[in-house]
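Open your viewer, get the ligand on screen, and let's walk through this model together.

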Amino acid sequence: PAAKKFKVGQSYEHVGERVKLSGWIHRLRSNKKVVFVVLRDGTGFIQCVLAGDLAVAQQTVDLTLESSVVLYGTVTKVPEGKSAPGDVELVVDYYEIVGLAPSGEEAFTNKIAEGADPSLLLDQRHLTLRGETISAVMKVRAALLKSIRRVYDEENITEVTPPCMVQTQVEGGSTLFKLDYYGEEAFLTQSSQLYLETCLAALGDVYTIQESFRAEKSHTRRHLSEYTHIEAELCFLSFDELLDHIERLVINSVQYVLEDPVSGPLVKQLNPKFQAPKGPFLRLDYKDAIQWLNDHDVKNEDGEPFKFGDDIAEAAERKMTDTIGVPIFLIRFPVEIKSFYMQRCKDDPRVTESVDVLMPNVGEITGGSMRIKDTEELMEGFKREGIDPKAYYWFVDQRKYGTCPHGGYGIGTERILAWLCDRFTVRDCSLYPRFSGRCKP
Ligand code: 4AD
Ligand code: MG
C-alpha cells in the first residue's frame with residue numbers, strides 16, 4: 001500500500017497504517033538478523049525494526065548514528081510489557097539514505113564524547129543540541145514563550161519590538177556593550193523598558209520578547225552576555241496591581257506549559273520534583289529580608305552582618321530562596337541600590353516600589369518596579385546615578401506630555417527556564433550561550 005507522510009510524533013496515532021517517516025538515526029543497534037534504529041525528527045522518537053533482507057542490506061551499507069534517512073513501514077503496537085516511545089514501533093519494509101554521517105574518527109559520538117571538557121562541548125553546541133536533554137529544554141523554552149504570549153494576549157497586552165541598538169543605558173553603565181554606529185557611540189540594549197514606557201500613551205499596555213545584552217565580566221551560574229528578555233509595561237495601575245499581574249503571569253504560563261501534551265511530560269522528565277507554583281506568593285520586605293539574613297547568620301559581601309542599604313548578592317539570595325523553598329516577591333528595595341527610574345514609596349521615601357521575584361535554586365528571575373512619573377523627581381534620579389539626561393529627552397517627554405502611574409518588569413527567559421527545568425546554569429537554557437570568552441559557534 002502507498003505510504004502516507006507523517007512526522008514521528010503524529011505516527012503514534014496511525015497504528016496499522018503504512019507510513020513514510022524522515023529523520024535522523026538517534027540510536028542504532030544490530031545483530032545478524034535484525035537492526036534496531038531509533039529515529040528522531042524533533043517531534044518525537046520511534047523505534048524502527050529492519051529485519052530479513054533489509055537488515056542484511058543495512059549491514060552492507062553500514063548505517064551510522066546521525067545519518068538522515070527516509071523509512072517506509074507499518075506502525076505496529078509493541079507487545080504489552082515492552083516499552084517504546086508512543087508504545088509503537090515501525091516495522092520497516094524499505095528505506096532511503098539521504099545523508100550518511102561519517103564513521104571512524106569523525107563519527108558523531110567522537111565529536112561529543114561523554115565527559116568531555118564543557119568548553120569543548122560548547123564548541124560542538126551545533127551537534128550537542130541534538131541530544132535528548134538539550135533539545136527537551138529547548139522544547140520547553142518554546143512552550144514557555146508561547147504560554148507567556150498567550151497570557152499577554154488574554155490580558156490584552158500588545159506586542160512591540162523596540163530597537164536593540166540604542167544610545168541610553170537602563171541598568172548601569174558598567175555592563176554596556178559599546179559599538180561604533182557610523183562613527184557615533186551606541187550600545188546594545190540592556191533592557192527595552194524605556195522604549196516600552198514610551199508606547200503606553202500610544203498603545204496602552206505593551207510587552208516585548210527580545211534579546212538584551214550585558215557585558216558581565218564575572219562567570220556565574222546565572223549570567224549571560226546575551227539573553228532573551230521578556231518585558232512588559234503597564235499603565236494606570238498601582239504597585240499592588242503590578243505584583244498581582246506578575247503573579248498571574250508566572251502561575252498561568254507555567255500552568256499552560258504543564259498542560260501542554262509536548263512540554264508537560266518534558267518538564268516532568270527534566271524536573272520530576274517540580275510543583276506548579278500557587279498564589280499568593282510570599283511578599284517579603286527588603287528590610288525584613290535583611291532581618292531574616294541576620295537571624296540565619298548569613299553575612300554580607302564584606303563578611304559582616306547585613307545592614308539596611310546592603311545589596312543582597314547571589315549567595316545570600318540563594319540561601320534565602322533555598323531555605324524558604326517557595327517563590328518570593330522581595331519588595332521595597334532602598335533607593336540607592338536600585339536604578340534611576342524607580343518610584344519611591346509614599347509611606348517611606350528611603351525605599352522604592354520595586355520587586356525581585358526569587359525562585360528556589362535560581363534566585364532572581366524577574367526585576368520590576370513602578371516608575372517615577374514626575375519630571376523633577378526623574379531628574380534627581382539621573383543626577384544620583386551620574387547620568388547626563390540629554391540623551392533621554394524622549395523618555396523624559398513621557399512625563400511631560402500626559403504622565404501616568406505606570407510600572408513594569410523584565411523576566412530572564414533562561415532563568416525562569418532554569419527554575420522550571422531544574423538546570424544548574426542558565427547556559428543550559430540558551431540555544432547558543434554567550435558569556436565572556438565565548439561568542440561561537
Ligand atoms: O533586573 P534587571 O536588570 O531589570 C531590568 O532590566 C529592568 N529594566 C526590566 C524592566 O523592568 N523592564 O533584569 C531583569 C531580569 C532579571 O531579573 C534576570 O532574570 C534577567 O533579566 N537578567 C539576566 N539573565 C541572564 N543573564 C544576565 N546577565 C541577566 N541580567 C538580567
Ligand atoms: Mg535585577
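Select the residues around ligand 1: by class, this shell has 7 nonpolar, 10 polar and 7 charged residues. Here Ala, Val, Leu, Ile, Met, Phe, Trp, Tyr, Cys and Pro count as nonpolar, Asp, Glu, Lys and Arg as charged, and the others, Gly among them, as polar. Before going on, note that this is a predicted model, in which local features need pLDDT of at least 70 and side-chain atom pairs count only at pLDDT 80 or more, while totals for chains, interfaces and linings use all residues. Residues are numbered from 1 along each chain as its sequence is written, and chains are lettered from A and ligands numbered from 1 in the order in which they are written.

**Stop 1: the ligand shell**

Which residues come nearest to ligand 1? Of the 24 around it, they are Ser 191, Gln 193, Gly 367, Gly 410 and Gly 412. A residue counts as near a molecule or strand if its C-beta atom, placed from the backbone, lies within 6 Å of it. Now colour β12 (226-235), β16, β17 and α14 (413-421), the elements that give two or more residues to this shell. Helices (H or I, at least four residues) and strands (E, at least two) are DSSP runs, numbered from the N terminus.

**Stop 2: the sheet**

Next, show the open sheet of 8 strands, in the order β7-β11-β12-β17-β16-β15-β14-β13, with mixed pairing. Two strands pair if DSSP finds at least two bridges between them. At the edges stand β7 (158-159) and β13 (282-285); each has a single partner strand, so one side of each is left without a neighbour in the sheet. Thr 158 has Val 206 in β11 as its bridge partner.

**Stop 3**

Select residues 363-370, which make up β16. Is this strand mostly covered or uncovered? It is mostly covered, with 7 of its 8 residues buried. A residue is buried if 20 or more other C-beta atoms lie within 10 Å of its own, exposed if 12 or fewer, and partly exposed in between, with C-beta atoms placed from the backbone.

On one side, β16 runs antiparallel to strand β15 (residues 354-359), and 6 bridges join the two. Pick Ser 354 and you will find its bridge partner, Ser 369, in β16. The β15 and β16 hairpin has 3 residues between the strands, and Asn 361 takes a positive phi near 75° there. Then turn to strand β17 (residues 406-412), which is antiparallel to β16 and joined to it by 5 bridges. Met 370 stands opposite Gly 407 of β17.

**Stop 4: helices on the sheet**

Angles run from 0 to 180 degrees between N-to-C directions, and axes are lines fitted to C-alpha atoms, for helices over the stretch in contact. Helix α10 (residues 286-295) lies across β13 and β14 (328-331), at about 85° to β13.

Now bring in α13 (residues 393-400): its axis and that of α7 (residues 193-203) come within 10 Å and cross at roughly 35°. Leu 194, Glu 197 and Thr 198 of α7 make the contact with Trp 394, Phe 395 and Gln 398 of α13. Two residues are in contact if their C-beta atoms, placed from the backbone, lie within 7 Å. These contact residues divide into 3 nonpolar, 2 polar and 1 charged.

**Stop 5**

Most residues other than glycine have a negative phi, and most peptide bonds are trans. Select Gly 279 and Pro 280 to see a cis peptide bond with omega about -10°; Pro 280 is in the loop between α9 (263-270) and β13. Lys 440 to Pro 441 is also a cis bond, with omega near -10°, and Pro 441 is found in the segment after α14.

Asp 87 has a positive phi of about 60° although it is not a glycine. Look for Asp 87 in the loop between β5 (68-77) and β6 (88-99). Finish at Tyr 182, in the loop between β9 (177-181) and β10 (184-188), where phi is positive at about 50°. Tyr 182 is exposed, with 5 other C-beta atoms within 10 Å.
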